[in-house]
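Let's walk through this assembly together, taking its contacts between chains and its ligands in turn. Keep the model open beside the text as you read.

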Amino acid sequence: MGTIEIKGLSKNYGDLRVVDALGLSIADGQFVTLLGPSGCGKTTTLRMIAGFITPDEGTITVDGAVLSSPDHVVSPENRGMGMVFQNYALWPHKSVFQNVVYGLRMQRPKLRREDMRDRVAAILDTVGLAGYGDRFPGQLSGGQQQRVALARSLVTEPSILLLDEPLSNLDAKLRDKMRDELQEIQRRTNITFVYVTHDQTEAMSMSDRIAVLRAGVLEQYAPPRQVYFRPASVAVADFMGLINLIPARVESYDRPTATAEVELDFGARLGVPAADGFEPAAGEQVTVAVRPESITIRPASAVDEDPFAEVSRVMMLGHLCYCVLRIGEVELRVQTDNHVDLDRGDRVCFDIDPRRASVFPASTTSESAPAKELV
Amino acid sequence: MGTIEIKGLSKNYGDLRVVDALGLSIADGQFVTLLGPSGCGKTTTLRMIAGFITPDEGTITVDGAVLSSPDHVVSPENRGMGMVFQNYALWPHKSVFQNVVYGLRMQRPKLRREDMRDRVAAILDTVGLAGYGDRFPGQLSGGQQQRVALARSLVTEPSILLLDEPLSNLDAKLRDKMRDELQEIQRRTNITFVYVTHDQTEAMSMSDRIAVLRAGVLEQYAPPRQVYFRPASVAVADFMGLINLIPARVESYDRPTATAEVELDFGARLGVPAADGFEPAAGEQVTVAVRPESITIRPASAVDEDPFAEVSRVMMLGHLCYCVLRIGEVELRVQTDNHVDLDRGDRVCFDIDPRRASVFPASTTSESAPAKELV
Amino acid sequence: MIDDQTSKPPAERRARHRRGSVSAKLVLGAAAAALVVLVVYPLFWLVLGSLGGTDKFTFSNYLRVVSDPGLYDALINTLLIATGACVISLVTGVPIAWLISRTNIPGKGLLRMLTSVSFMIPGFLSALAYVMLMAPNNGWLNRLVVSVTGAEKGPFNIYSLPGITMVTSFGVMAYVVMLTSAALDSVDSGVEQSARILGASRWKILMGITLPLVTPALLASALLVFVQSLALFGSHAILGLPVQIYTLPTRIYSLFAFPPDYGAATALSMMLVLLTVGCLYLQRWVLARRSYITTGGKAGVHETHDLGRLKWPAVIGCHAFFALAVYFPVGVLLLTSLMTAQGSGLTLDNFTFDNYFAVLFESSLTRRAAINSLIVAGSAATLGVLLGALIAYINFRLKPRGAKVLDYLATIPLGLPGIVLAVGLVLAWIRLPVAVYGTLAILLIAYLTRYIPLGVRSADSALRQIDPSLEEAGRISGGSWLRSMAEITLPLMKGGLVAGWSLIFVQAIGELAVAIMLFTVGTETIAVAIYQRSEEGHFEEVAALSMLVLIATALILGLTRRLTRASVTRF
Amino acid sequence: STPDGPDGPSASITEITDQATLDTLVEAAHEEGRVVWYTSVPSERAQQIADMFTKEYDIEVVVQRSGGNDILQRYLLEKEAKRVQNDVLTISDPAAFINLQKENDLTCFKPRNFADVPTYAKDAGGCWISTRTNAMVMAYNTEQVTEPPAGWGDIVNPRFSGDLAYVDPNFSSGSLIVTAGLANDLGWEWFDKLKAEQPFIVKSNNQLMETVVLGERSVAAFVNSTYVAEAKAKGQPVEWVFPEDGVYLVAAPSAVVSGAPNPAAGKLLADFLLTEAVQQLMIEDGNYAAVDGMAPPEGQPAIEDMNVLDIDYNKIATDGESVRDQFNSLIGSAN
Ligand SMILES: Nc1ncnc2c1ncn2[C@@H]1O[C@H](COP(=O)(O)OP(=O)(O)OP(=O)(O)O)[C@@H](O)[C@H]1O
Ligand SMILES: Nc1ncnc2c1ncn2[C@@H]1O[C@H](COP(=O)(O)OP(=O)(O)OP(=O)(O)O)[C@@H](O)[C@H]1O
Ligand SMILES: [Mg+2]
Ligand SMILES: [Mg+2]
């Protein structure tokens, strides 16, 4: 019904390689999220799946039939997909009702008028726009427009749904509600979802698998936990939530346990698991990646021999709090609960949970330079 | 330089009262966030401040001068403000450079060409679009377009900056970086920011004060912590992050400590502080609001007399995890760390931190019915 | 040509996107084929004729034409007139369009109507009216000046290059107003507001944002104005010949005096074709570099500027202009139509309604001609706009190999003087065994050929404003290409299409050069009827008939506007 | 629709000699059933003639009326495409007929009244025959001119400097004929003088009358007298002058064209055009009759009473081009 097989997909804009030899297998009924920095090629990939862009190389196969290749592209209306466009693509000359009912009117065999009306009413209710049917898009707020776009794609219950940041303009509560509705719809109809989001939380909580793209290249394609806890690269680690990248030197490496004894830049020594496929040599410069939630803070006591740090910034987010600690040259982001009582300049001790850290080859890319990744 | 005083501001669209007697004082150099559900009137308010919409009632005063009133509206070009539009409103026929430099070209006295070039280059670098100057908006990804809109508003460093969800299409990392840049700019230039966002985290971490709107009405206007920890109403509590609303009955109320002894729906008894200005009577039905992070879970032990609950859902978000517990009719969302090892159906004990809960009048609004607020 | 290789905005994304559906291919193929048949086939006969016909091949016609020293004077005059008309039309038309579309100026409907009327007044009639007003010896204005100042001669002379240019531009400025205001209607106020908040004055916004955003419409109308003024015969002949100001069209027409020199006439016309192609090339080159999408995927706001204190000055300015362009010639027409004899002054005994009675009730020809005109102009306008939309779509969205050629082909007829095109059409269509010659169908074919440029250029400028994702959303929802076209793309282009429809309709109602060659008994058009009357010297009846046509056409346009009003983008 | 076609019995009829030939012709015409007439005769008049013909012979007449140039153009194009549609052609350009005859485009036929038409106004073989005659006269605005010009010699006089209007021979065949005649009779020097008067060169007789009626120029160097007659009838302030030094008479011929779809009916119509009834209608419009012996149009002098200048149509037919060129180089017109 909705198995998507992407092979060697590439797309260039002029000299720019926007999507580069992308390969993805998406099983029927799966919820796959494309995740990656702004401009990495997510929308382009989605548009190739939809059939709006002809790939320069590679193929897209759905249920065994090649739908896209450089020579031949099955036209979008014959793909039975649905899509939420990043820019909504609402029809300004049609009312909300007309926008949403459009897809139903295209269905064969023809639906009865009343059925259409009911289904539109139901989906508008789902997205919280009951009673807005007669408005025109220009009379709606930004978030309302986005929900119309969402409703329009959902109402036909296509076998494959492509969603390009469909919830970006909604508030947290509504987003949560919409996520539930999406999952509910998926449970009921077994739609294959290809979802683009910039929201790590969304990606983690909804996806069966996450595809992390960077500059058009697929960096990792795995279930959420694996992407989060066993990132394939510093880049993935870095992109999937906040992370501290601490320069370190390998003291020794124990192959059987795949654990390296490292000395961190600021002096601490830890036994940290190496990233998949990486075998550091003794004496090698490496990067130790530790997530903020894997570091705990204790009040500093004089006798403590743990490294001291100075609190350089406290950011209260409500349900939790981030502290930025400074030890010598290194800045560490630490996640704490929301009733922590710290101030700038306080001295604290901290513990890094070594089992939740990873050792990567020394990173050279500028983007992972700590200074740029402050909370 | 940038003191904004809003008094009794109202705006109707036909029968719809979109903004309703809004009053806000924004001090010079403050960072104020408008927060509220989709369609609550945030954009409308911003557009009134900018001078695009004439209020039906009320006035907007900036630095003592009345800029907007139903009779007279100083036109936007004479207000010296900057704005990021929710739909970007980029000029499709101008290159990125031309879009950004436009505001500088309008400045009097005229800037030197090289200065303009340098400032545009600097701001494009800030938003991560160095080298994109010659592209046209149509050749950019959604997030890149949003950053152009941001750069365009920032480059002139106006004394008041109105930002309408300026980061909604950016990934978490970039959003963090942009937030830092915004704060950095504010520190340097003392701009007054009026910021619309649907992102609670953003609101909490950046704002001096948060104005929570609901259906055009200002519900609370206070510093972030206060909004989060001492919400003025169930609605605010509900909107500012996830919250559990538990029906309860008041056993007794102690006026001096403003603490009510309540019995929760599922049997537990707690001494919970009452919300500001609420004095529950003994026997009254109330709502106890507890945030997910104020509940802790322990493995269930047979001897334990705490209420048991069954895990009905576990949502791993990466840096933390939400569990939904079910006790009888009530569902509770609990925030845990990300290495919690729970599965659907597990039985657990939980503790509610009563000091971090609040007692509100029994909520009747449908929107706070627990079933609709799942994570 | 380089214009398609330059780096291009989002449309390029769709450039290589092949549409799979059969119906799409059929419709688009048919449109392309129709265009080729409509334009290439008659053009073939013309060019063949200019190259010596079927039996011999020679460039002698071309040599003869270019070696004629008089040619260059005529060429320069022609270019001066066309450029002048272009400038005047833009300078007057753009502000009017802006006022109508984006401000709260009172009486927008009236201004729109005046614009259409300026376009409807037949060239020879308005030329005549200005002769009455500004003829050097006896023009009313000159007599007034003379009687007031006692000068020996009045200052105005309509028989001059500036005079011709002025009269010409009054007849074509409607292109600018109609296309530009259609385009301005679909500009989201957001783009203006984002400039205002940055401190830009309205003037700067107008010049730097709003007008540049409607460049496609500006260029399309400038092209139409320029090329049309190049090929216009009526006012050039009436106002230029008497004082020996010759232009390419008057020279071309003089070649048709017996014995007609079709070869040379065509060869000379190729000069105009060349100019047309050059203009289009330029237009494409400018437009290729940027995107002008004003109707995007997120709905915007549409707000009108409050003119404030400038409101009444603006109203006065507009009507002062229309006093010259419309009130005056229509006034002359009206007076003439109420006179027993023109030239005798309007006295009581010279006042009559007989002319109206004569054209309305005494002649069955008038009624028949009116019906024919309605049928032919209505269908030509409708088909022309649809065909234009499809051609523009092929050219701008699909860009298959060779699409450019279609665009050029679809514009060339604009540059051909009517009589030349008529010759090509007769030569082309009379030969066919199918009986089109001598029926209304031949007129329809001829009008489609003649006015397809108006359809294509209007559609093209409208299409450039629409974000392609709007159509894509239709297709991913399961709508075939055809349905997306019918329900999304065309409705979104509505402003431009209605403008195009009106332009074609008005032109077709007044078209004479081709009709006079192609009409037969029973297929007369109203323009033919008017011409017949004027040929026979019944100017008073001509005026009456023209007034009636003017009123009827204005009513039809008004009705069309009303029917299609629910403006494209509902803000 | 041509039962006997060009080879039928009627094809051989080149002259109506007796009732028998007429009957044969009528019968053949009946079989054809209709006749197509391309004419520049004003439409109402043309229709009236057509109706009379139909009444007489019960044969439908399709009248295609247009300006002389346009109707000729149309015929030429149809001929060029080998799809001749009409049977009879009537325009006021004898030189064009001479040229058409040279190309064998005309069917020679002598109607009953052939002999009554003056020789200069017909082809000796009957290939074309004038059906009405126009006098080219001068005209002036009575409100502006107190001393009208007397004739050709008088009009190119500094007294009329800036007052003259002249029809462009590049667009009007009538003007070409007069221009050729003037060049022949008075020499090109006359045009040098004309040029000194700064004449106003208009495109057509219509425009000329406009110009004079409205008073922009007060004197028309020449104009078809029918136009003046009509203006006078309407009470407009114009008056004509029949030049004392000679009037040019321009014949407006008709002919049956070769390859006509209805040749017999065509001939019958050509014959009918010279009947007294039709000629009388022509006179009513201000034309002179083509046949001798009829009264002049109202208010105009009889042909016998004026000084008629001869015109060599044959010369114009061959030299028309060079006459135009000469005119253009002198007056500075197109080409
Ligand atoms: N032109 C209009 N006509 C009628 N109603 C309108 C119009 N514009 C906005 N509204 C309504 O006004 C309300 C407030 O709109 P506004 O754009 O201010 O919301 P918002 O708070 O910015 O929402 P969002 O977060 O979704 O952008 C919405 O319910 C919207 O539907
Ligand atoms: N028409 C175009 N011409 C040239 N480059 C383009 C064009 N469209 C997109 N790009 C570039 O291709 C890259 C990928 O764009 P895409 O829209 O796929 O990004 P994205 O991953 O969806 O980003 P975002 O999260 O910001 O929406 C971007 O760097 C963008 O600048
Ligand atoms: Mg994108
Ligand atoms: Mg908004």
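Where chain C meets chain D, the contact takes 54 residues from chain C and 56 residues from chain D, with contact meaning heavy atoms within 4.5 Å. Before going further, please note that this is a predicted model, in which local features need pLDDT of at least 70 and side-chain atom pairs count only at pLDDT 80 or more, while totals for chains, interfaces and linings use all residues. Residues are numbered from 1 along each chain as its sequence is written, chains are lettered from A and ligands numbered from 1 in the order in which they are written, and side-chain values use heavy atoms, with hydrogens and water left out.

The size of an interface is often given as the accessible area lost when the parts come together. For chain C and chain D, about 4600 Å² is buried between them, and 51% of it is on carbon and sulfur atoms; buried area here is the accessible area (1.4 Å probe) that two parts lose on being put together, summed over both. Two salt bridges are counted between chain C and chain D, a salt bridge being a side-chain nitrogen of Lys or Arg within 4 Å of a carboxyl oxygen of Asp or Glu. To see a salt bridge here, look for D:Glu44 and C:Arg533, whose side chains meet at 2.4 Å, N to O. There are also 19 residue pairs in polar contact between chain C and chain D, both residues at pLDDT 80 or more. A polar contact is a pair of N or O atoms within 3.5 Å; within protein, one must be able to donate a hydrogen and the other to accept it, and residues adjacent in sequence count only if both atoms are side-chain atoms.

Which elements build the side of chain C that touches chain D? Those giving two or more residues are α5 (123-134), α11 (234-240), α12 (248-254), α19 (418-429), α24 (513-518), α25 (526-535) and α26 (539-563) of chain C. Helices (H or I, at least four residues) and strands (E, at least two) are DSSP runs, numbered from the N terminus. The most comes from α25(C), with five residues. By class, this side of chain C has 32 nonpolar, 15 polar and seven charged residues, where Ala, Val, Leu, Ile, Met, Phe, Trp, Tyr, Cys and Pro count as nonpolar, Asp, Glu, Lys and Arg as charged, and the others, Gly among them, as polar.

Now turn to chains A and B. Their contact takes 53 residues from chain A and 53 residues from chain B. About 4500 Å² is buried between chain A and chain B, with carbon and sulfur atoms giving 49%. Four salt bridges cross this interface, and in one of them the side chains of B:Asp238 and A:Lys173 meet at 3.0 Å, N to O. Polar contacts link 28 residue pairs across the interface of chain A and chain B, again with both at pLDDT 80 or more. On the side of chain A that touches chain B, two or more residues each come from α4 (142-154), α5 (172-189), α6 (200-206), α7 (224-229), α8 (234-239) and β16 (308-316). Of these, α5(A) gives the most, with eight residues. That side of chain A has 17 nonpolar, 20 polar and 16 charged residues.

Ligand 1 lies between chains A and B. It has 20 residues around it, and the closest are A:Ser141, A:Gly143, A:Gln144, B:Thr43 and B:Thr44; a residue is near a molecule if one of its heavy atoms lies within 4 Å of it. Oxygen atoms of ligand 1 lie 2.7 Å from a polar side-chain atom of B:Ser38, 2.7 Å from a polar backbone atom of B:Gly39 and 3.5 Å from a polar side-chain atom of B:Glu165. Taken alone, ligand 1 exposes 640 Å², and the protein buries 89% of that; accessible areas come from the Shrake-Rupley method with a 1.4 Å probe, and for residues only the protein chains shown count as cover. Two or more residues of the shell around ligand 1 come from each of α4 of chain A and β2 (16-26) and α1 (42-50) of chain B.

Between which chains does ligand 2 lie? Ligand 2 sits between chains A, B and C. Among the 21 residues around ligand 2, A:Thr43, A:Thr44, B:Ser141, B:Gly143 and B:Gln144 come nearest. An oxygen atom of ligand 2 is 2.5 Å from a side-chain N or O atom of A:Thr43, and a backbone N or O atom of B:Gly143 lies 2.7 Å from an oxygen atom of ligand 2. The protein covers 94% of the 630 Å² of accessible area that ligand 2 has on its own.
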